[in-house]
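We will go stop by stop.

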Amino acid sequence: MSPVILMTLIEYHFIEGCKQGDASAQQQLYETYLPYLLTIVRRFGIQEQNIADLMQEIFVEIFLNIEKYDPSKGEFKYWVKVIAIRKTLKYLHKIRPTPLLNLSQIKQEEISIDQDFEELETAYIIKMISELPEQYRTVFNLHTIDGYSHKEISQQLGIQVVSSRSRLSRAKKMLRQKLLQYWKNNKLHGVF
C-alpha cells in the first residue's frame, strides 16, 4: 500500500483547475509558487535578465504535465521543485554547453557551515551561493539544498561521484571564506 500524501484544499483546487485549463486556477498556482521557484532558480546563479524566460519555461512545463502529478508519490511542492531544477540545469547546459571541469584532484575537506547559515539573512545566503563558480554552485545546490545524493548528481551532470564530492567540498570551503569575511567586516562595523 502506497503512502497517502495529504494535500491542501487550495492545492487540490489548483491542480484540478489546471487540469481543466482554468486560467484562474493557473494564475493562482503561478502566484502561489512563483516566489518559491524564483528562489530555486536564483540559487543556480541565473542572470536576472534571463529569469523571466526560464520561469515561463518552468510554468509551461508544469501546466503541460500537471496530469502526470501523482499525489501518492509526493507533495506537489516537491514535484514543481523537481521540474524547476531540471529546467534550470537544462538552461545552464544550453547557455554553457561545454562540459564542467573534472575536479576529482581537489583535496576533500569536511567543512560544516550549517550553523553559520542560521544567522544570516536568506537573501544574503542566496547571493553568496549564486556567486560561487557554476560547477561548485550547481553541486552545492543539488546536494545541500535539494537533497540529491552524489550518485544522482553525477548522473544528472555527467561527472564522476568523486567529482561531485570534490565540488561540494570546494563550494563549502569558498562559502566558509565568504562567511568569515562577512563576519569580519560586520564585527569591525559593530553589527555583531
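Which residue with a positive phi follows α7? Select Gly147: this residue comes after α7, and its phi is positive, near 80 degrees.

**Before you go on**

This is a predicted model, in which local features need pLDDT of at least 70, side-chain atom pairs count only at pLDDT 80 or more, and totals for chains, interfaces and linings use all residues. Residues are numbered from 1 along each chain as its sequence is written, and side-chain values use heavy atoms, with hydrogens and water left out.

**Stop 1: the whole chain**

Show the protein chain as a cartoon. You will find 9 helices and 0 strands. Helices (H or I, at least four residues) and strands (E, at least two) are DSSP runs, numbered from the N terminus. Of the 192 residues, 41% count as buried. Buried means under 20% relative accessible area, exposed over 50%, and partly exposed in between (1.4 Å probe, protein chains only). Now think about contacts, meaning heavy atoms within 4.5 Å. Take those between residues at least 6 apart in sequence: 70% of them join residues at least 24 apart.

**Stop 2: helix α7**

Select residues 134-145, which form helix α7. The expected span of a helix is 1.5 Å times one less than its number of residues. Next, colour the buried residues of α7, among them Tyr136, Val139, Phe140 and Leu142. In total, 9 of the 12 residues are buried, so α7 is largely enclosed by the rest of the structure.

**Stop 3: α2 against α3**

Select residues 23-43 for helix α2 and residues 48-65 for helix α3. They pack at an angle of about 130 degrees, with their axes 10 Å apart. Axes are lines fitted to C-alpha atoms, for helices over the stretch in contact, and angles run from 0 to 180 degrees between N-to-C directions. That makes α2 oblique to α3. Angles under 35 degrees count as roughly parallel, over 145 as roughly antiparallel, 65 to 115 as roughly perpendicular and the rest as oblique.

Show side chains at the contact. From α2, include Leu29, Tyr33 and Leu37; from α3, include Ile51, Met55 and Phe59.

**Stop 4: Lys87**

Select Lys87 in helix α4 (residues 76-95). Is Lys87 buried or exposed? Lys87 is buried, with a relative accessible area of 17%. Leaving out residues up to four places away in sequence, Lys87 touches Leu54, Glu57, Ile58 and Glu61. Leu54 and Ile58 also belong to the α3 side of the contact with α2.
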